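Trainee: I have a structure to go through and I'm new to this. Can we take it piece by piece?

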Amino acid sequence: MASKRRPFHLRKPRPRPVRKLVPAHRLMAAKSGLPPGSLIHVGDKLADSVRISMVTYDESQAQFKEDVQLQDLTKPRNGETCWITIQGLHEVQVVEAIGSHFQLHPLVLEDILNTTQRPKIEDLGDYLYIVLRALHQEDDSADIGSAEQVSVIVGPNLVLTFLESHRAYFQGVAERIRSGKGRIRKSGSDYLAYCLIDAVIDRYFVVLERLAERIELLEDEVATHPTPETIQGIHKLKTGMVYLRRCVWPLREVLSRLTSGESPLIRQDTLPYLRDVYDHAIHVIDTMETYRDIVSGMLDIYLSSVSNKLNEIMKVLTIIATLFIPLTFVTSWYGMNFKTMPELDWRWGYLMVIAIAVSVAVAMLIIFRRRGWI
Amino acid sequence: MASKRRPFHLRKPRPRPVRKLVPAHRLMAAKSGLPPGSLIHVGDKLADSVRISMVTYDESQAQFKEDVQLQDLTKPRNGETCWITIQGLHEVQVVEAIGSHFQLHPLVLEDILNTTQRPKIEDLGDYLYIVLRALHQEDDSADIGSAEQVSVIVGPNLVLTFLESHRAYFQGVAERIRSGKGRIRKSGSDYLAYCLIDAVIDRYFVVLERLAERIELLEDEVATHPTPETIQGIHKLKTGMVYLRRCVWPLREVLSRLTSGESPLIRQDTLPYLRDVYDHAIHVIDTMETYRDIVSGMLDIYLSSVSNKLNEIMKVLTIIATLFIPLTFVTSWYGMNFKTMPELDWRWGYLMVIAIAVSVAVAMLIIFRRRGWI
Amino acid sequence: MASKRRPFHLRKPRPRPVRKLVPAHRLMAAKSGLPPGSLIHVGDKLADSVRISMVTYDESQAQFKEDVQLQDLTKPRNGETCWITIQGLHEVQVVEAIGSHFQLHPLVLEDILNTTQRPKIEDLGDYLYIVLRALHQEDDSADIGSAEQVSVIVGPNLVLTFLESHRAYFQGVAERIRSGKGRIRKSGSDYLAYCLIDAVIDRYFVVLERLAERIELLEDEVATHPTPETIQGIHKLKTGMVYLRRCVWPLREVLSRLTSGESPLIRQDTLPYLRDVYDHAIHVIDTMETYRDIVSGMLDIYLSSVSNKLNEIMKVLTIIATLFIPLTFVTSWYGMNFKTMPELDWRWGYLMVIAIAVSVAVAMLIIFRRRGWI
Amino acid sequence: MASKRRPFHLRKPRPRPVRKLVPAHRLMAAKSGLPPGSLIHVGDKLADSVRISMVTYDESQAQFKEDVQLQDLTKPRNGETCWITIQGLHEVQVVEAIGSHFQLHPLVLEDILNTTQRPKIEDLGDYLYIVLRALHQEDDSADIGSAEQVSVIVGPNLVLTFLESHRAYFQGVAERIRSGKGRIRKSGSDYLAYCLIDAVIDRYFVVLERLAERIELLEDEVATHPTPETIQGIHKLKTGMVYLRRCVWPLREVLSRLTSGESPLIRQDTLPYLRDVYDHAIHVIDTMETYRDIVSGMLDIYLSSVSNKLNEIMKVLTIIATLFIPLTFVTSWYGMNFKTMPELDWRWGYLMVIAIAVSVAVAMLIIFRRRGWI
Amino acid sequence: MASKRRPFHLRKPRPRPVRKLVPAHRLMAAKSGLPPGSLIHVGDKLADSVRISMVTYDESQAQFKEDVQLQDLTKPRNGETCWITIQGLHEVQVVEAIGSHFQLHPLVLEDILNTTQRPKIEDLGDYLYIVLRALHQEDDSADIGSAEQVSVIVGPNLVLTFLESHRAYFQGVAERIRSGKGRIRKSGSDYLAYCLIDAVIDRYFVVLERLAERIELLEDEVATHPTPETIQGIHKLKTGMVYLRRCVWPLREVLSRLTSGESPLIRQDTLPYLRDVYDHAIHVIDTMETYRDIVSGMLDIYLSSVSNKLNEIMKVLTIIATLFIPLTFVTSWYGMNFKTMPELDWRWGYLMVIAIAVSVAVAMLIIFRRRGWI
């Protein structure tokens, strides 16, 4: 009962659900007024140090180099595909050096460093610039996960990936190159880019599963014992899904443009694979919308359940009051001190009052029963 | 009365309506990180064994073979149309063997095995790959039905169908081939494909009818004796319809592409039939939307009915309290023990109180009557 | 007062608003599994017998034949326009005979018989097939009307109309042919088709008027004395409008295709007339949407009015309780039987209590007045 | 207090907001069944008599004729622009005569007379037919204004305007022609048409201002002292805006087609002016949508304010009841007449009860204060 | 406690949130009836005086002139770019003189002076006319900021900017020209225009940040101690966002047309920069929509929290009433003055009543505990 008595404003504050939405704009706002092309890292410093790794492969072999130095970067030889991964974006000069080495447009470099981008694709003639948002989640957190910006540059036989953290999103792709199984070593940079996009989108299914579990839990909670915390949970879920949507929706356009076959960098036989990953993205978007509908429905149930509870409470109050207030009137009546109240002196007066009381109570109970209240 | 007294959180949990939505993503999530084209069965194992059946027919005759072995599969001869049905997808190597026998693209095989696809169509040049979701329902279940993935491959004189279970969705089509009535034996693989799509979409009307019955029942319930279970029923219905929509909406695009006449695999004189089935799909989608509107309206009625009930209850309480509280005050007044209360000694004191009580009661009743409360 | 006391679940059930939506699918569902082109009448048997009438006219004369036999049907001569009306669809062989006489596609015949079609248009080369839904209403019914399928076949100098009932929707058109006034006898089959479509859409304005009257009545009811029946009325109106929308919305596309001038069957100088009827259809759709908005707004008013009523009730209860409970406490105080209660023996004790009671009552009334409660 | 006691159903009815929506369809409905091109005036008889005025002008001079007779109508000479205004539509034969004099299509004449048209534009080759809805408002009315149909026919050097009433919407345009300032006398009929459209749309800004004032008033009312009349006001405002939207929305399409430069009747140098008026129309539509959003928000505030009021009322009731019901129990306890109630005979019994009463009251007040109730 | 007792209608009025929306239309309305091209300043007089400044630069040098007189305006020489800024629009003749000096279309001048425009772009052949709305906010105001119209004229080597106030939105751009760093001095008028647009849009991120802070505050408030002021705050926020949306949404179209590469005034190598600013605009719009969703969700929480509070209050009332009303009945019973009430004379009568009272209280408490109420 303690928790009921504690004044509402003394309860511990709930976690603030939009926290994730703010820093991006705070940083964007801080950048306001700077000239275009200014290379400034906008985002959290997720990685301790900048790590560069390089994979060079053709059909016959694959070379892996970790912790490559800037001066060791070479352009890929003929027939070879080169995949360079930069993890950690807070050292602006590293990105700048890579940009000038591979002749990237200043605005592309600015976008790589500004980690608040929506997923997008830009065709700059010599290369494609693709922005994705990879989801990750701490195992112990109740959160539905946060997103990290993944920039992919796709050149004729070159793929650059820029990540904010040291997370190993592309471990599986590297493994496939190492093992040499499947098409990956036989195909060029476009197939590699496909593999990277596929790896990013595959992670969304894990988040969807987590979402589904949360929705199931909240549905049970709403149906059986809804509390004010439930509505907070629903709101948090909705806010999280709004956030997720912003990562997922633009993918539709990105992949639609990739599969349109406009860019000469994308070979014809990679298109079915991109169409497949496009289907996956549609699947994710579709499921998100389905969840939105279900979560909206949960709110209605919550509100109706609160109303029902009120009805239950009021029914109890009304039953008690309706039963005892008339009875108390009767007893109060014979508590009056008039000199001349003949009933008080009657022999069966007291029994008469008992009879009245019992009949009133029984009548009331019958009425309640008829109304379906008890 | 027992059910009223039982604390809310002890009631038995209701069936969880999103259960069906979860496994797909759970399995998709499990697949996360695997290379593209990995042949893994994603879905429930609905059939005990894999059964392959084959029908070969031309205008003059039709041959039916059940339980065909993989090595017995032959390509159809000239002028003949061959329809092979694979029921049960959990034995990946069977699908793989069929795929290599008919030279299907690895991604198509992957999609056939991943039974969480949305309906879609893909033109792979030599053949069309169509994904549909067939609805079925257990007769004794209160559910609106679950969906099974049906993959259809349409080649020049070949149709392959992959089903998850042994359910006989296409019994009617097979019968028509056997009897030789109608156009089916005279037409080619495109007309057969049309018949299969038509058979799948026809089943939706059965589900729509079931939905309509449920809606009628719930509307009666909402209008006459709404309970908290009613709102759960409405939510379950809505969730089921959200699920159904995901099966039905993409059909519009699938059939729109089929009827566009782009693919050379679809003959000119099959187009009117496909347009007809397109109309059926629009009809289903349209009806779904109508039901959505009606079910949304039911929620409003439910909530207003809960509010009305509260008003009814409060009216009773107010009438009783307003009637008896002033009366009890009066009687309580003459229950005071002051030495000098002249009324107590009056001859007509008691009668006066009776008169007061009756007048107060009558006045209150008149006021209530005027307000329309009684 | 009786109606208040009757338990809610014993009240007589309200008319079920979706009844109209169900039979269609029930019948469609019954058809599930049959081969395409199967000629089965899907719908209610609205007419007792099948009646065929034929009008043949050119600029100079017009011949009317009622109750034509199948064998008397002739194709129109050069320069003449022939309009054949079939009323009653339950005798499938009649429709079949007409179909084979005029060489109609089997799917068109199937659609004519399946009276659950949405309005649509199909160009079959030799003729156009147009499906409309005509509204009619029984004069004594409270319903907003039901719809009947009207199929129109427009050939070069031939118009066939298939109706479900004997209702005289096209009386006016026939009159105009008979009188020979206006353009109708000078123009061909396309102008006749226009006249028929115009006649069908004109009826919608009658229904709109009826809807407007209903909305006005319900608005008055909601504003002055809303009852739970009001919300049922609003829901019924909404459901009826959902049903009406399904008849009206597809007209936009039907008429847009007719006015596109693609079909050689539609002459250039008929286009302005078709554009005019297109405007009428848009007008109907537009008004429907306006009504939807207004009806949605009524629901909000209803709910707020229910809340206001609750507030009124609670105010009464609170005023009474707040006034008398403290007073009763005071009187109850001096009803205690303690030996030593000095006030009881005071000379002015009783007057003091009277003074206290009056002051409390006056103070309470002043507070209520300040709060605007009384 | 009188107003509180008057039963709800006896209050005076509020003005019915959809009245304006009804007559149109009632009249359309009355026309149902007539042949196309039937010239029947559909609308209210707003003007007493039909007045025809004519302005003929070229760059050097301008002639104004009031109350022109039908036989005095001449076609404009070369280089001159002729503007004829017909005010009052109830004399059908006048419109018919003008129609035959200027060779207007019968359907155009029908539409001019049927004053329930949505804004639209039709290109009839020789001339454009534009329908607009002009807003006007009585100064003393609380209404947001009603709309009148304005038909504009734009020929090569001829403009015809048909108005329902004698209102001087185009006074300003006539003044500009008279004064000869600006471009108007130098430009042709298309510029004149632009001026007329501009004059009609300019009036919408006056209505928008009026709407804004109403919204401000209602917002203040909702925020400070919402009454059931407030919700009626919001609903009336919404209904009025729905009505206004129907006048405004189709303008987007009308002006978009005018500015497309398709018609040879519109000269190249008039296009910027039409684009300007298009911007104005978008501005009006945009503001309407903004107001819709704000008004929707007001409803939420109203409902939450009603709920808050209920909470306030219930708090008062609960405080009073919770304070005095336990106290009354205590006093009632010592009002029992048992022979042996030792406390009654104690010396400090009465003081003990006083102490109990005070402590209970103080404890309750502390609890209320902690809960933030007082 | 004072604030609780003060009648609701005496509280101080809240700031009116739509104030900003009104003046524009009031002024537009005042202009109603004037001929097109009338140069009248529509808007607030934000600046005290009109200030004209001029910057002339090429790759090698840059000249800055403040407080330029009208007669000193020269057209830029070959190779030079000239940027003229006019701050303050209330002196119509200044704008008129500049208009005639640079041969601007009268409608463009009218739009520059009418500061109620939506963002738009117009291609007038010789120059582009771009309207933007710049946001600014007083540091001490609780408002989310107000908007000022910024008109930009982009000619071949000329940029004119018209501002309503003396605010230094473009300080940063001027600094970059002065310092000569970056591309700005090397590029032409199109790049300068890009810089100006970029500067305007960058300011939106500051407003977004402010919005995010407000939303966070309100979310905390809603979750912990919602008051009627909270809902007013939410409504004000929503109204402010509606206002902001009107500034931001049309930007999508403006920038989409700029990046389409249609105008020869925009050089090819400026396009990537414009696409970048287009991405920023999309980002702003996207975030606005996200905030809308979150704010809508807050309303639901607020309402459910109000309902929960009511439930809490009613629970307290019901517990107290249910506990004490039966007890008071019992005590009242033995307060009756019947001659023959045997219990009153019993030895253990009083103890019996004590036992009854305790048992009733304990039973009630157990029931409450089981129901989860305490």
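Trainee: Is A:Glu229 buried, exposed or partly exposed?

Mentor: A:Glu229 counts as partly exposed, because its relative accessibility is 41%. Buried means under 20% relative accessible area, exposed over 50%, and partly exposed in between, with a 1.4 Å probe and protein chains only.

Trainee: Before I go on, what sort of model is this?

Mentor: This is a predicted model, in which local features need pLDDT of at least 70 and side-chain atom pairs count only at pLDDT 80 or more, while totals for chains, interfaces and linings use all residues. Residues are numbered from 1 along each chain as its sequence is written, chains are lettered from A and ligands numbered from 1 in the order in which they are written, and side-chain values use heavy atoms, with hydrogens and water left out.

Trainee: OK, back to A:Glu229. Where is it placed?

Mentor: A:Glu229 sits in helix 7 of chain A, residues 228–258. Helices (H or I, at least four residues) and strands (E, at least two) are DSSP runs, numbered from the N terminus.

Trainee: Which domains does chain A have?

Mentor: The domain assignment gives domain 1 (22–304) and domain 2 (311–370). Such bounds come from an automatic or database domain assignment. The C-alpha centres of the two domains in chain A lie 74 Å apart.

Trainee: Why is helix 4 of chain A called largely enclosed?

Mentor: Helix 4 of chain A (residues 106–113) is largely enclosed by the rest of the structure because 7 of its 8 residues are buried. The buried ones include A:Leu107, A:Glu110 and A:Asp111.

Trainee: What about helix 5 and helix 6 of chain A, at what angle do they cross?

Mentor: The axes of helix 5 (residues 171–179) and helix 6 (residues 189–224) of chain A cross at roughly 145° and come within 9 Å. Axes are lines fitted to C-alpha atoms, for helices over the stretch in contact, and angles run from 0 to 180 degrees between N-to-C directions.

Trainee: Which residues make the contact?

Mentor: Helix 5 of chain A brings A:Val173, A:Arg176 and A:Ile177, and helix 6 of chain A brings A:Leu192, A:Cys195, A:Leu196 and A:Ala199. Contact means heavy atoms within 4.5 Å.

Trainee: Changing topic: which residues touch the most other members in the largest nonpolar core?

Mentor: They are A:Trp83, B:Trp83, C:Trp83, D:Trp83 and E:Trp83, in a core of 355 residues. A nonpolar core is a set of buried Ala, Val, Leu, Ile, Met, Phe, Trp, Tyr and Cys residues joined through side-chain atoms within 4.5 Å. A second, separate core has 140 residues, including A:Leu344, B:Met364, B:Phe368 and C:Ile319.

Trainee: And what is D:Trp83 in contact with?

Mentor: Setting aside neighbours within four places in sequence, the contacts of D:Trp83 include D:Met54, D:Val159, D:Phe170, D:Ile177 and D:Leu196.

Trainee: How many residues do chain B and chain C put into their contact?

Mentor: Chain B gives 70 residues and chain C gives 71. Between them the two chains bury about 6,300 Å², 64% of it on carbon and sulfur atoms. Buried area is the accessible area (1.4 Å probe) that two parts lose on being put together, summed over both. On the chain B side, B:Glu216, B:Phe329 and B:Phe338 lose the most area to chain C, together 10% of what that side buries.

Trainee: Is C:Glu80 buried or exposed?

Mentor: C:Glu80 is buried, because its relative accessible area is 5%. It lies in the loop between strand 2 (62–65) and strand 3 (81–87) of chain C. Apart from neighbours within four places in sequence, C:Glu80 is in contact with C:Thr56, C:Tyr57, C:Asp58, C:Gln61 and C:Asn157.

Trainee: One more: what is phi of B:Gln103?

Mentor: Phi of B:Gln103 is near 55°, a positive value in a residue other than glycine. Most residues other than glycine have a negative phi. B:Gln103 is in the loop between helix 3 (92–101) and helix 4 (106–113) of chain B, and with 60% relative accessibility B:Gln103 counts as exposed.
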